[in-house]
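Subject: Structure for you to look at, with notes

Dear colleague,

I am handing over the structure below, together with some notes on what was found in it. Please read the notes with the structure open beside them.

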Amino acid sequence: MLTPFKLTHLGGEHCVTGSCHLVQAGGQNFLVDCGMVQGEDRGLSMENWPVSPGQIHCVLLTHAHIDHIGRLPELVRKGFRGEILATHPTKALLIPMLRDALSFSDWGEEETSATVRRIEAISWGFEYGEPFALKNGLRFTFHRAGHILGSASVLLESESPRSSILFSGDLGVKNTPILPDPDPAPACDLLVMESTYGNRLHESRSDRVERLGQALVRAFSDGGKVFIPAFALGRVQELLYELNRLRTDDVLKEKFPQLAKLQRIPVMVDTPLGLELTKIASSLSAYWDREAKAQLRRGDHPLNFDRLYAVTNSKDHRRLLESKGPMVILAGSGMCTGGRILDHLKEGIEDPRNDIVFVGYQAHGTPGRYIQEYAGKPGGYVELDGERRSIRAKIHVLGGYSAHADQKELVEWVESMPEKPKAIKLVHGEAGAREVLGDVLRSRGYEVV
């Protein structure tokens with residue numbers, strides 16, 4: 001296949017986090033994502049990239065999660081002077097996400113502020129489905145990916161020779177609260193596709209809401225606290241939506257009469273970033289799905305309800321640590337690698353009255369993964385901030401809350417293409433997930449490299 005595109009994976013090729021892909025074409029160097037690694041994943045030092053940050057012309061972002069944008073400040077620090085291109089919602093979410101990430105770094109306030117201002121000045125927002133011309137006969141188009149607000153697949157096309165490469169980005173689950181479903185995949189020559197859950201199937205949306213209801217019924221039976229580690233972007237908003245449904249949906253209220261008292265149980269959002277992003281998400285209602293828009297028009301705000309409380313400052317956070325249950329506490333980070341959830345777990349993980357509800361992927365080497373693996377085992381423990389804590393709280397894993405498409409949905413997305421791509425490269429998955437998904441795709445006649 002004659003193609004003008006040269007593709008080099010700088011991160012995320014053989015693991016889930018650290019997305020970063022170099023595309024060279026038409027005398028230009030593009031990055032698709034520039035993400036930070038998490039857990040035991042490893043990224044390539046910028047000093048070892050085939051081109052220097054100063055030689056990169058632009059960065060195309062698939063979405064605003066830190067494992068896709070977290071190295072942008074480092075990129076700017078090391079000489080990047082190009083532009084950052086994203087959807088309008090991703091542009092709105094970009095700066096709060098980066099500012100929060102830098103607050104945990106060793107960067108000084110002056111350098112942090114200057115870098116954030118620089119990134120804001122060179123970032124541009126674009127609409128979905130509208131091709132935009134680049135130099136030398138190249139163009140790009142964003143397509144809805146359904147992962148979080150603003151998430152996109154990125155199609156890069158060349159006029160001469162005619163060729164195309166499609167980056168799936170992180171693909172979402174259909175019928176996810178607030179988010180429109182992923183767009184059908186456009187035709188392309190090379191598809192670079194994520195495979196996070198390439199070897200798994202999720203529960204349906206109705207199943208996961210019911211499982212959340214069941215977990216809360218069990219949790220509140222002994223008056224303990226329910227800790228939900230949640231990513232500030234996407235997962236917090238999704239959980240608020242479904243906690244609201246458990247309070248207001250007639251069918252769910254009839255199914256879980258025990259949750260009538262949920263109306264009186266406080267839900268505490270103990271993540272300043274999550275609160276800021278929820279406000280931004282509320283302002284982006286034009287990008288919500290039809291169901292959420294209709295709910296808003298009826299006067300039932302999907303992200304706000306009675307007994308929902310914002311924990312904004314450290315004083316209120318410390319007071320919350322000492323408060324008695326029952327209550328639901330949403331706090332970051334989603335993999336328990338930092339943030340206020342660590343304080344809650346250090347205080348509460350050894351109390352058998354408490355419950356921990358995991359609603360997202362836990363990467364290898366993260367405290368969240370260790371808690372899942374060692375819960376229920378004799379002497380099971382986890383190290384939190386270097387301190388050993390026995391795991392006595394009850395653990396629930398609700399896989400249906402993943403923001404990633406499962407194997408079935410990934411395959412269906414590929415099959416939505418008008419014609420088969422000439423080749424598929426699987427990235428962003430552990431080895432087992434990539435291998436299983438690759439075998440499934442090959443069995444259906446696709447060329448997986």
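Predicted model: local features only at pLDDT ≥ 70, side-chain atom pairs only at ≥ 80, totals over all residues.

The loop between β9 and β10 holds Pro-161, and the peptide bond that joins Ser-160 to Pro-161 is cis, with omega at about -5 degrees.

Returning to α13, Lys-408 and Glu-412 both lie in this helix, four residues apart, which is about one turn of the helix. Their side chains meet in a salt bridge, at 2.6 Å from N to O. Glu-412 has a relative accessible area of 31%, and so it is partly exposed.

In α14, which covers residues 431–443, one finds Glu-435. Is Glu-435 buried or exposed? Its relative accessible area is 51%, so Glu-435 counts as exposed, the cut-off being over 50%. Glu-435 and Gly-445 are ten residues apart along the chain, and their C-alpha atoms are separated by 15 Å.

Turning to the packing of helices, α3 (residues 88–102) and α8 (residues 272–283) pack at an angle of about 175 degrees, with their axes 10 Å apart. Because angles over 145 degrees count as roughly antiparallel, α3 is roughly antiparallel to α8. On the α3 side the residues that meet α8 are Ala-92, Leu-93, Pro-96, Met-97, Arg-99 and Asp-100, while on the α8 side they are Leu-273, Glu-276, Leu-277 and Ile-280. The residues of this contact divide into seven nonpolar, no polar and three charged.

Next come the salt bridges. Side chains of opposite charge can pair when their charged atoms come close. How many salt bridges does the model contain? The count comes to 25, and a few of them are described here.

Glu-47, Arg-71, Glu-74 and Lys-78 are linked in a network of salt bridges. Within that group, Glu-74 forms a salt bridge with Arg-71, and the closest N and O atoms of the pair are 3.0 Å apart. Arg-71 has a relative accessible area of 14%, and is therefore buried.

Another pair lies in helix α12 (residues 367–374), where Glu-373 and Arg-369 are four residues apart, about one turn of the helix. These two form a salt bridge whose closest N and O atoms are 3.4 Å apart. Glu-373, with a relative accessible area of 33%, is partly exposed, whereas Arg-369, with a relative accessible area of 12%, is buried.

Some points of backbone geometry remain, and they are worth checking in your own viewer. Most residues other than glycine have a negative phi, and most peptide bonds are trans. Besides the bond described above, a cis peptide bond joins Gly-325 and Pro-326, with omega at about 0 degrees. Pro-326 is found in the loop between α10 (314–322) and β15 (327–331).

Positive phi values are also present. Arg-307, although it is not a glycine, has a positive phi of about 70 degrees. Its place is in the loop between α9 (290–297) and β14 (308–310), and at 34% relative accessibility Arg-307 counts as partly exposed. Asp-385, also a residue other than glycine, has a positive phi near 55 degrees. Asp-385 lies in the loop between β17 (381–384) and β18 (387–390), and at 52% relative accessibility this residue counts as exposed.

Terms used:
Residues numbered from 1 in each chain as written. Heavy atoms only, no water. Axes fitted to C-alpha atoms, helices over the stretch in contact; angles between N-to-C directions. Helix = DSSP H or I, 4+ residues; strand = E, 2+ residues; numbered from the N terminus. Parallel < 35°, antiparallel > 145°, perpendicular 65-115°, else oblique. Contact = heavy atoms within 4.5 Å. Nonpolar A, V, L, I, M, F, W, Y, C, P; charged D, E, K, R; others polar. Buried < 20%, exposed > 50% of the residue type's maximum accessible area, 1.4 Å probe, protein only. Salt bridge = Lys/Arg side-chain N within 4 Å of Asp/Glu carboxyl O.
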